[in-house]
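Here is a note to read beside the model. Please keep the structure open and find each residue as it comes up.

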Amino acid sequence: MTGFQIPRNSLVWMLAAQIAVIVPHVPRLPVWVTLICVGCGLWRVMVYQGRWSYPGRWTKVVFVIAGLVGIGVGYQGRVYGLEPAVALLVIAFVLKLLEMQHKRDAYIVILLGYFVAITEFLFFQSIPYALYILFSVVLITAALIGLNQTQSHRQPLKTLKLAATLMVQSIPMMLVLFVLFPRISPLWTVPLESQAAKSGVTDRMSPGDIASLSLSPELAFKASFNGPVPGPSQLYWRGLVLENYDGKTWTRRTNLTDGIWRNKQSKPVWAKHIERLGNTQSYSIILEPTRQNWLFSLAAADLSANADIAMLDDYTLAYVHRRGVTTKFKYAVTSDLEYRLETDLSDEVRQRTTNLPSGSNPRARELANLLYAAATSDADYVNRVLIYYADEEFVYTLAPPVLGDNDIDEFLFDSQRGFCEHYAGSFVFMMRAAGIPARIVLGYQGGEYNALANYIAVHQFDAHSWAEVWYEGRGWVRVDPTRMVSPERIQRGLESAVADENTFLANSPLSWLKYRQLLWLQDLRQQLDAIGHYWDNWVVGYNPRTQLEFLSTYFENINASRLGLLMLTTFFVLLGIVALFVLRTRNTRLLTAVDQQYLRFCQLLAKQGLVRQTGEGPWSYNERVSQTRPDLAPVVTRVTREYTRMNYDLGAPNNSKALKKAVSAFRIKALTANV
Amino acid sequence: MQDVIQHTIAQIGTVLLGKESQIKLALACLLSRGHLLIEDLPGMGKTTLSQALARVLGLSYSRIQFTSDLLPADILGTSIFDQHSGEFNFIPGPIFNQLILADEINRATPKSQSALLEAMEEQQVTIEGATRPLPSPFFVIATQNPNNQGGTFALPESQLDRFLMRIELGYPDPAAERQLLKGEDRRHVLGRLQPTLDADQLSELQNRCQQVKVSDALLDYVQRLVLYTRQAPEFAYGLSPRGALALLSCAKSWALIDDRLYVVPEDVQAVLPSVVEHRLRETADFSGHGAGGLTQRLLSKVDIIG
């Protein structure tokens with residue numbers, strides 16, 4: 001039925017490679033796709049054993065249609081996206097197994113294997129994944145090698161070893177290509193799955209509804225400072241601003257889709273309201289994929305020019321990523337920690353940031369009026385409110401009680417237990433109740449400094465909210481009421497703030513971060529984090545811009561074409577080194593003096609057009625030469641006789657005197673004959 | 001002594017025309033104390049060659065025609081009851097001769113083939129509980145038709161290995177054939193052949209073969225050849241150490257026949273096809289015995305200088 005039987009060596013590794021490349025995708029695939037993979041693998045084994053036959057044409061058509069329909073159903077019609085595309089690829093990959101009737105088909109399966117292995121990088125780029133994919137590539141390569149071996153190779157492990165050797169040998173080329181291959185930005189992109197926005201910063205806030213804040217130990221971003229790192233009380237990573245309040249929930253004013261990227265320029269007109277006053281910090285941030293648009297930075301930031309970065313057009317000093325952060329995203333920031341923002345408040349903004357829905361929370365309003373009446377200025381009023389937080393019995397807790405309709409009243413006067421959102425929310429309410437413009441800022445606060453690689457790691461549990469108050473002449477000023485209640489939260493992080501109640505990472509018992517008190521574990525974690533940081537910076541974050549930056553420290557005037565030239569040069573230099581090595585090992589094989597003389601003689605004769613064939617014995621050669629060139633026969637025979645006598649009779653291959661003489665005699669004769 | 005060898009070759013050459021190199025190979029095989037297998041179509045002179053060898057070497061000779069109903073006792077001999085003496089007398093079979101021609105060996109059943117092949121290996125036979133030594137020297141020249149001919153039982157690899165050499169005769173060239181057609185009946189010529197050697201001379205020649213010198217350079221070459229058969233994918237399996245020994249031993253005899261007391265690569269190359277072909281198998285050929293043209297490839301791939 002079929003003329004081609006795939007070699008056993010190849011099939012073993014092909015199936016192993018297939019399992020290896022599909023396994024990491026399994027959590028993202030619909031269950032039935034996994035089942036199809038297993039089924040196709042089994043079918044293929046059955047075909048190899050001769051128990052089953054290949055599926056017929058119509059069976060295959062049914063499989064293909066079922067696969068397409070299944071993907072449509074499995075992803076609820078969201079067929080335009082990365083995950084359905086990968087699922088489709090996986091299905092094609094396993095179905096191709098079932099029509100592997102020719103060698104060509106086997107090649108297709110193997111190439112698809114490489115392709116599927118690469119798609120894993122679309123989802124994860126960490127070191128363990130890279131190592132795993134490298135391992136899968138070795139398996140696929142073993143299948144490729146096995147395909148080109150004869151049936152007589154029956155040791156699959158040897159094939160694997162060969163593949164691994166090849167892989168190791170290719171590493172220098174791999175590095176050259178990675179570092180030097182001219183990088184271009186992608187021509188098109190496929191949207192990533194936008195489900196399950198990760199925990200951390202959301203764009204709405206209603207503290208009264210939350211009974212228990214669950215914290216995630218995941219990394220939010222890393223910031224590497226070029227100079228010394230500012231103290232923790234200055235590390236307010238600003239994200240977005242909430243200005244609208246409906247009596248219960250704080251929300252953002254602008255709809256993201258309306259405001260921002262209508263204007264292609266990254267800085268909107270109102271940016272002139274930012275006055276930078278020094279204490280400049282420059283740093284870069286690697287943001288983990290959030291599938292949101294927010295970019296975080298210290299206040300009064302200026303983000304590096306990038307087509308993907310835009311500033312929100314709503315007077316809030318918020319930066320966004322145009323398409324949403326779906327992979328690790330690196331950006332450089334320059335922040336002036338001293339700044340003045342919007343000293344002239346427009347009526348529209350003033351109206352918006354003092355607006356309170358009427359009627360709610362009467363006790364808080366009463367308190368506000370009382371305190372405001374006693375205050376000498378806006379700043380004095382702010383201080384009085386802060387002192388209120390400090391003097392009353394407020395408790396910082398991650399497990400606050402649920403609050404009712406007048407949640408701010410209940411919080412301020414009854415429960416007095418809450419976390420940052422409660423404090424920021426109630427504080428802004430108090431400000432607005434007194435007619436002072438105020439708003440809520442969401443972002444992160446603090447972070448963990450890693451001295452090994454000099455960066456600050458900010459985790460999701462560092463998420464924070466605080467307030468901004470507008471003063472006449474000073475613009476928007478950051479005020480953090482949480483600080484009055486729990487200074488530890490600001491100075492030493494969340495963990496020490498809630499040390500007594502054991503709520504820190506209560507839902508993540510396996511997180512490293514939970515065991516920070518174990519010093520050696522802490523060291524190990526910091527070292528691994530440091531390695532991961534370099535990896536993120538130099539491998540994952542190696543994009544066209546960083547490539548140019550990196551290379552321009554070594555070469556002047558680098559551009560794409562020079563880069564290509566550089567790459568080719570390095571490539572051929574490497575190849576040349578390998579070639580030299582191969583040639584050297586060939587030449588340094590030990591030749592005896594007699595053999596060397598004889599080979600020299602053969603070379604001389606070869607110049608006469610009489611090349612000794614591989615495997616041609618000396619006397620056969622002699623006879624051939626003597627017949628073609630009778631004039632040379634005597635001298636050639638003399639050389640042959642001396643050579644065979646020394647090499648085979650006397651067994652003295654290192655005493656070549658007589659042979660040398662004979663060769664010289666031949667040489668003279670040959671030269672004169674030519675003349 | 002050299003004259004004797006050349007004379008022997010010439011003598012056989014008068015019977016088997018135009019086959020000097022096959023005659024030399026057969027002689028080299030016998031000088032190396034090995035058994036010879038001649039494989040060719042019927043009527044190519046297999047029997048003539050073996051008869052001529054027996055006559056000129058002056059050895060006691062018997063011929064066993066193998067057929068499908070041949071029994072081991074027909075080869076080895078049997079005891080017969082003597083009514084006069086009232087005892088069993090052992091009547092030796094044809095195997096008790098110095099030179100045995102086992103004609104068409106692959107026509108017999110494996111059982112009978114084994115009886116002969118065991119005798120070849122052990123130089124003795126055990127019949128009815130008594131072990132009887134075979135005469136010395138003891139040679140077996142077996143002939144066989146190609147395995148694909150009707151009514152043949154192929155010898156397995158293990159038994160093929162007992163033969164030091166396997167040679168093919170091939171068609172004579174036109175000049176030799178013309179002479180053959182014009183001349184008198186070969187059987188008459190065969191009858192007139194005179195022994196050129198006696199057993200002592202033969203034994204001395206065999207001893208001399210052992211003393212032919214083999215240099216390290218030549219051993220390197222032989223080892224490279226053997227290694228190639230073991231590594232190259234075109235060979236299903238490589239040459240065994242016994243095969244390598246056989247190759248070297250035949251090359252020594254060939255050198256002696258060429259009146260040289262040391263082996264050169266050409267000696268190895270001359271005997272190699274006959275010595276290794278029946279010990280190797282082509283990867284592409286699952287059923288056959290013999291590396292066929294691959295030995296030529298082997299010789300052209302492995303250089304004499306490593």
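1. Over all chains, the structure holds 33 aromatic pairs. A pair here means rings of Phe, Tyr or Trp (its six-membered ring) with centres within 6.5 Å; planes under 30 degrees apart are stacked, over 60 edge-to-face, and the rest tilted. The A:Y245 and A:F429 rings have centres 6.1 Å apart and planes at 80 degrees, so this pair is edge-to-face. Because A:Y245 sits in strand β4 (residues 244–245) of chain A and A:F429 in helix α14 of chain A, the pair ties together parts 184 residues apart in sequence. Helices (H or I, at least four residues) and strands (E, at least two) are DSSP runs, numbered from the N terminus.

2. On the basis of the model: it is predicted, so local features need pLDDT of at least 70 and side-chain atom pairs count only at pLDDT 80 or more, while totals for chains, interfaces and linings use all residues. Residues are numbered from 1 along each chain as its sequence is written, chains are lettered from A and ligands numbered from 1 in the order in which they are written, and side-chain values use heavy atoms, with hydrogens and water left out.

3. How many cavities of 30 Å³ or more are there? The count is six. A cavity is a set of points, on a 1 Å grid over the protein atoms alone, where a 1.4 Å probe fits but cannot get out; lining residues have an atom within 4 Å of a point. The largest cavity holds about 70 Å³ of space. Its lining has 12 residues, and A:P207, A:D407, A:I408, A:H422 and A:S426 lie nearest its centre. Helices α13 (407–415) and α14 (420–433) of chain A each give two or more residues to this lining.

4. A nonpolar surface patch of about 520 Å² is made by A:L131, A:L134, A:V168, A:I171, A:M174 and A:L175. Patch residues have over 30% relative accessible area and no salt bridge, and nonpolar side chains (Val, Leu, Ile, Met, Phe, Trp, Tyr) are joined within 5 Å. A salt bridge is a side-chain nitrogen of Lys or Arg within 4 Å of a carboxyl oxygen of Asp or Glu. Accessible areas come from the Shrake-Rupley method with a 1.4 Å probe. Helix α8 of chain A, where A:L175 is placed, gives the largest share of the patch, three residues.

5. Two backbone points remain. Most residues other than glycine have a negative phi, and most peptide bonds are trans. A:N361, not a glycine, has a positive phi of about 50 degrees. The peptide bond from B:S136 to B:P137 is cis, with omega near -10 degrees.

Key
Patch = residues over 30% accessible without salt bridge, like charges linked within 9 Å, V, L, I, M, F, W, Y side chains within 5 Å. 1 Å grid on protein atoms, 1.4 Å probe; cavity = no way out; pocket = protein on both sides within 12 Å on 5 of 7 lines; lining within 4 Å. Points joined across faces, edges and corners; volume = space filled by probe spheres on them.
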